[in-house]
Amino acid sequence: MTDILVIGGGIAGLSAAARLAPLGKVVVLEAEDALGTHATARSAAMFLRDYGNAVVRALNYASDAYLQEADLLTPRSMMLLARPDQRDAFEAEYPAFNMQTISVAEAQQKFPILNTKSTGFVGYREGIYDLDTDRMVQGFVKTAKSHGASLITGARVDAITKTPSGWRVKAAGTTYEARMLVNAAGAWADAVARLAGVARLGIQPYRRSFAQLAAPDGLDVSDWPFVDGVEEAWYAKPSAGKWLVSPSEEDPMSPFDAYADDMVLAEGLARYEEMVTTPVTRPETTWAGLRSFAPDRALVLGRDPKQPDFIWCAGQGGYGFQSAPAASALLADLIAGRTPALEPATVAALSPARFG
């Protein structure tokens, strides 16, 4: 009998396993042949505290110390670009990111391929970071294993049955018994709930596509900012000497192994290309991931109100990595019966009971 069975081997499930393993015997089941195959492996790998709604930001800020102490962050700046006809949208958006306005000429010094003719307004700030996602995943894996957790890949869950002592889960021909079940299945979170006979919460996956380009004009992009188009029209960032561009789309999808849509990618690249002087050449590679949101776009963390041995760890959206340290700590506090470090109002705003 396992104490805690975690379904999902992405950053949500792995961070949860690392925090929960000291509390008892933990087993993680990952459907794919490798951990972190879907959204985790396809993250933009950024840490921006002022990203998401107020509840998400509370988790971001609470995760800051862990990320700093684990030496997972590398400083980067951020730039917000708007056309001359987008003044209202720009005025509404740049203060939300705690930005200051700078001139187009100043912006071109920091982002050499900026198209000064099409750019009307620029916001700028320091204090965001590249996030070493691979090291973060491996750190949580190491911690979980050091406390005896088992991480099993290629274990797609086929059936979940409630038992008097907890749960019986069948995955890839093997049956697991557990006292508690943690649903960290990402885009498949509602599907897992359905298998378990637990009410679904409306966790909706949305596709987000990416194109990796060669460094524009062969320039060194390592010190360039993370660049965002106003109204989330696109974003771009350095990535291991290359230049990563996303159309920032949120197209609702059923859970599956996502791939980039050529038309959506072309439209996003055209919006980006309008704001720069270097034409987009053929992408070196493209991919997509699924960002999964609850209806109110805050994470869902804690015991199901009608089935308290079913634990939700879902709805990470685009905030999975930067919220994982605080989110997993909250789960451990709730399961251990400890007073959470987060404010009570934040805990309540993350609880699955808010949908009751």
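Colleague: Is Tyr94 buried or exposed?
Modeller: Buried, because its relative accessibility is 17%. Keep in mind that this is a predicted model.

Colleague: Which ring does Tyr94 stack with?
Modeller: The ring of Phe90. The two centres are 4.9 Å apart and the planes meet at 25°, so the pair counts as stacked.

Colleague: And Phe90, buried or exposed?
Modeller: Buried, because its relative accessibility is 2%. Phe90 also forms a stacked pair with Phe121, with 5.6 Å between the centres and 25° between the planes.

Colleague: How many aromatic pairs does the structure hold?
Modeller: It holds 17. Ring pairs also link Tyr51, Tyr206, Phe293 and Tyr319 into a cluster.

Colleague: Which charged end sits over the ring of Phe293?
Modeller: That of Arg297, 3.7 Å from the ring centre. Elsewhere, the charged end of Lys162 sits over the ring of Trp167, 5.0 Å from its centre.

Colleague: New topic, strands. Which strand does E1 join, and how do they run?
Modeller: E1, residues 2–7, is joined to E10, residues 174–183, by 5 bridges. They run parallel. Thr2 has Ala178 in E10 as its bridge partner.

Colleague: How many bridges pair E9 with E10?
Modeller: There are 5, in the antiparallel sense, and E9 covers residues 166–171. Ala171 is bridged to Thr174 in E10.

Colleague: What sits between those two strands in the hairpin?
Modeller: The hairpin has 2 residues between E9 and E10, and Ala172 takes a positive phi near 50° there.

Colleague: What about E10 and E18?
Modeller: They run parallel, joined by 3 bridges, with E18 at residues 310–314. Val182 has Ile311 in E18 as its bridge partner.

Colleague: One last residue. Where is Tyr259 found?
Modeller: In the loop between strand E15 (251–252) and helix H7 (262–273).

Colleague: Is Tyr259 buried or exposed?
Modeller: Exposed, because its relative accessibility is 56%.

Colleague: What does Tyr259 touch, beyond residues up to four places away in sequence?
Modeller: Arg207 and Ala288. Its C-alpha atom is also 9.4 Å from that of Phe210, 49 residues apart along the chain.

How values were computed:
Residues numbered from 1 in each chain as written. Predicted model: local features only at pLDDT ≥ 70, side-chain atom pairs only at ≥ 80, totals over all residues. Heavy atoms only, no water. Helix = DSSP H or I, 4+ residues; strand = E, 2+ residues; numbered from the N terminus. Buried < 20%, exposed > 50% of the residue type's maximum accessible area, 1.4 Å probe, protein only. Contact = heavy atoms within 4.5 Å. Pairing = 2+ DSSP bridges. Phe/Tyr/Trp six-rings, centres within 6.5 Å; stacked < 30°, edge-to-face > 60°. Lys NZ or Arg CZ within 6 Å of the ring centre and 35° of its normal.
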